[in-house]
Amino acid sequence: MTNPPPESEERPELPDVVSVLPLRNSVLFPGSIIPIDVGRPKSVKLIEEAIREERPIIGIVTQREARVEEPDDDDLHSVGCAARILKVIKLAKDNYSVILQGVMRIRVEEITEHEPFLQARVTEMADVEAGREVETEALVANIKETAKKLISLVPELPREAATLLDSVSDAGQVADLVASNLDIEIGEKQDVLEAADVVERLRKVLTLLTRQLEILKVRERINSQVQEEMGHSQREYVLRQQLKAIKGELGEIDDEGGDVDEFQRKIAEAKLPAEAEKVALKQLDRLKQMQQSSAEYTVTRTYLEWLVELPWSVSTEDQIDINTVREVLDEDHYDLEKVKKRILEYMAVLKLNASKKGPILCLLGPPGVGKTSLGKSIARAIGRKFVRISLGGVRDEAEIRGHRRTYVGSLPGRIIQGMKKAGTNNPVIMLDEIDKLGHDFRGDPASALLEVLDPEQNNSFSDHYLEVAFDLSRVMFVATANYMDPIPPALKDRLEILELPGYTRQEKLAIARRFLVPKQIGEHGLAEAGVELGFGDAALLELIDSYTREAGVRNLERETSAVIRAVAVKVVLGELTGKVEIDEKTVREFLGPQKYMPEMSERTAEPGVATGLAWTPVGGEIMFVECSRMPGKGGLMLTGQLGDVMKESAQAALSYIKSHLRDLGIEPEVIKDHDLHVHVPAGAIPKDGPSAGVAMIAAMSSLLTDRCVRADVAMTGEITLRGLVLPVGGIKEKMLAAHRAGIKRIVLPERNEKDVVDVPEEIRDEMEIVYVRTVADMLQAVLADAEEGEAEAPPSEPAADASATQQAPA
């Protein structure tokens, strides 16, 4: 604390204009003595002239912003302090140390000069005492008492500071003395300096003093707690060291030594690669130096456990007998010849070259076709361990690569966890629902999978937690997806896509007979109850046709289970015993009315209705296009939540019809005096794609020529204004959907003939396939009174492959 000026000391007279010294990061109060360093050019000139001219008083004004090098009028506070220069020490050229003593408050009325330094016209701010002596005395007493408490908590302050405080009797000087020595913000000190009213100034100082006292009390309490905890830790360390010495004298082995020996043995047995062994031994050396009670000990111990428990050199022996592998695959799954053929190829190559890297397959198909269960079957067939990793909804990149060990509770990623779970370095790892991966601010898991699924990189896969390379090249990765669009191109490029289309009616019948029914009978315990349950083919076909409409067999299994549950109830009630045969009538009795009815003939019994085919992510679907006309001016209305491409197909169809009225036998007045309305039912489902073009032009032509479209015909294809029918995609799925719906004739673009090879032969035998090149050929094939037969197929025009899609509502 600085001494206040003696009350008897004569104050110097304040001139009207004083030299102004801007002050940074400090506030000078009347009565305070502070040292400052002067180095700015204008300030140096001011000090030198004040010494030379023996000016007794200069003005000290605090800057608003300390970083301003040359403050102007607006950069200075309006209230400062007149000061006398007590001592000047020259430190270097253009650098002085000056000791100042505050004399009185001043208000800067106007800056009169800027060069060579600031000069201002100032007036004195006298203390205002409004006759509140009692309140003033009470505030002074409180400030002194609180200040003494503060002094007792700060060892750096001399004990004489309390005596100095008692020696000051003037209320204003008490406030200035305490404020100048408080460790508070510059703005708060300036606020006290600008308070001319003594009572107001005392209140502000008391508030700041009380806050500072509370801060010091809290700090003291925290320091006491820290010291106490440190003392406890040091005491525990000393005791543990003594205990360690005692156990050493007794020849006993402590737990820590047991851990170290155990890890040394595991590291030797794990046969780690050189890099991993080096890291493990380094972490083991660190573990020896740690206390078991420390948090770092647990982190290091857990890390070592992961290192030594991973299957660095453990592998299973593959079953490379091709016939045995084929038998196991046929036992678990019906059909799926493409996938089975690929697995047999891999095993044949592995038999010839044991170092062959594992394939990275992606099973693509609608729900319920057996993608996930096929992964288990593959592992069982080749004699490997199976690990399933579900990727649906995963958004964090650390789920694949793991968290770094700096985080509390960090773990390796799912790939390394799966390897540890498998216990071998060549398992079958199924990446289920790879198309459902997400990404957000935590990273992109799909990008993290690029290294995992690249045979040229995954032999040194680096997990963030392990931070050593792990070899994944012997792993057989099998991914599953419902559709390809969400998979990033870079990831898609690393996958060998094997498509699993929907099952045909006969395939579903075989699957139900061989797999679903025996499985459900076993799960429901009917065999144990002495009931011999049989499903006739007619009953299974009734379930397939009338109670399910899907590409896979999941709902078929669900409906089969519902029938067996109903039988189980009757068995428990004693109504059924012995041999029970399920037929069509029993199915309807147990499941109620049919859920899906054949609607082909009903929907196409009048002109203006055509049946199209659409591709969806879960298989193919049939799609009706309806057209009606009403009095108008030749306009076209489109409804059914159609996308832009589908709307353009409808416009192209109408334009073709308008330009070929004579060829189609349509009177111009029919178009001119009527509006057409094209609607695609299931309006809640968004639809888009060009492949509905032939269905739209067929529906319009049917309406305008008053000729019905054949009830057993479905069609797909893109149209052009020249009347060509261009190829589209999804032919296999669309033909399967047409077969499920009872379609007997299907009209396809001529250039899609090559895609029909992938369709099962039984479906091709049951359906008449008509290939068309032009719209005229198509209309001849689909309108009811047109002559049967295909038109001669001239060369077709090149076109892009596309398909109409139906998207499920969000």
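Trainee: Helix 10 passes helix 12 in a right-handed crossing. At roughly what angle do the two axes cross?

Mentor: The model is predicted: local features need pLDDT of at least 70, side-chain atom pairs pLDDT 80 or more, and totals for chains, interfaces and linings use all residues. Residues are numbered from 1 along each chain as its sequence is written, and side-chain values use heavy atoms, without hydrogens and water. A crossing is right-handed if the near helix is turned clockwise from the far one by less than a right angle, left-handed if anticlockwise. The axes of helix 10 (residues 322–332) and helix 12 (residues 371–382) come within 8 Å, and the crossing angle is roughly 150 degrees.

Trainee: Is helix 10 roughly parallel or antiparallel to helix 12?

Mentor: Axes are fitted to C-alpha atoms over the stretch in contact, with angles from 0 to 180 degrees between N-to-C directions. Under 35 degrees is roughly parallel, over 145 roughly antiparallel, 65 to 115 roughly perpendicular, the rest oblique. With the axes crossing at roughly 150 degrees, helix 10 and helix 12 are therefore roughly antiparallel.

Trainee: How many residues apart in sequence are the parts tied together by Arg105 and Asp176?

Mentor: The side chains of Arg105 and Asp176 form a salt bridge (Lys or Arg side-chain nitrogen within 4 Å of an Asp or Glu carboxyl oxygen), with N to O at 2.6 Å. Arg105 belongs to strand 5 (residues 95–113) and Asp176 to helix 4 (residues 171–181), so the parts they tie together are separated in sequence by 71 residues.

Trainee: Is Arg105 buried or exposed?

Mentor: Buried is under 20% relative accessible area, exposed over 50%, partly exposed in between (1.4 Å probe, protein chains only). Asp176, the salt-bridge partner of Arg105, is buried, and Arg105 is likewise buried.

Trainee: In the salt bridge of Arg710 and Asp712, which residue is partly exposed?

Mentor: The closest N and O atoms of Arg710 and Asp712 are 3.2 Å apart. Arg710 has 15% relative accessibility and so counts as buried. At a relative accessible area of 23%, the partly exposed residue is Asp712.

Trainee: What is the relative accessibility of Arg401?

Mentor: Arg401 meets Glu397 in a salt bridge of 3.7 Å, N to O. Arg401 counts as buried because its relative accessibility is 16%.

Trainee: Where is the cis peptide bond that ends at Pro116?

Mentor: Most peptide bonds are trans. Pro116 sits in the loop between strand 5 and strand 6 (119–124). The cis bond, with omega near 0 degrees, runs to Pro116 from Glu115.

Trainee: What is phi of Asn25?

Mentor: Most residues other than glycine have a negative phi. Asn25 lies in the loop between strand 1 (17–23) and strand 2 (33–38) and is exposed, at 60% relative accessibility. Its phi is positive, near 60 degrees.

Trainee: And what is phi of Glu433?

Mentor: Glu433 is in the loop between strand 9 (428–432) and helix 15 (445–452). Glu433 is partly exposed, with a relative accessible area of 27%. Its phi is also a positive value, near 55 degrees.

Trainee: How far apart are the C-alpha atoms of Ile246 and Ala568?

Mentor: Ile246 is in helix 6 and counts as partly exposed at 48% relative accessibility. Along the chain, Ile246 and Ala568 are 322 residues apart, and their C-alpha atoms are separated by 72 Å.

Key: Helices (H or I, at least four residues) and strands (E, at least two) are DSSP runs, numbered from the N terminus.
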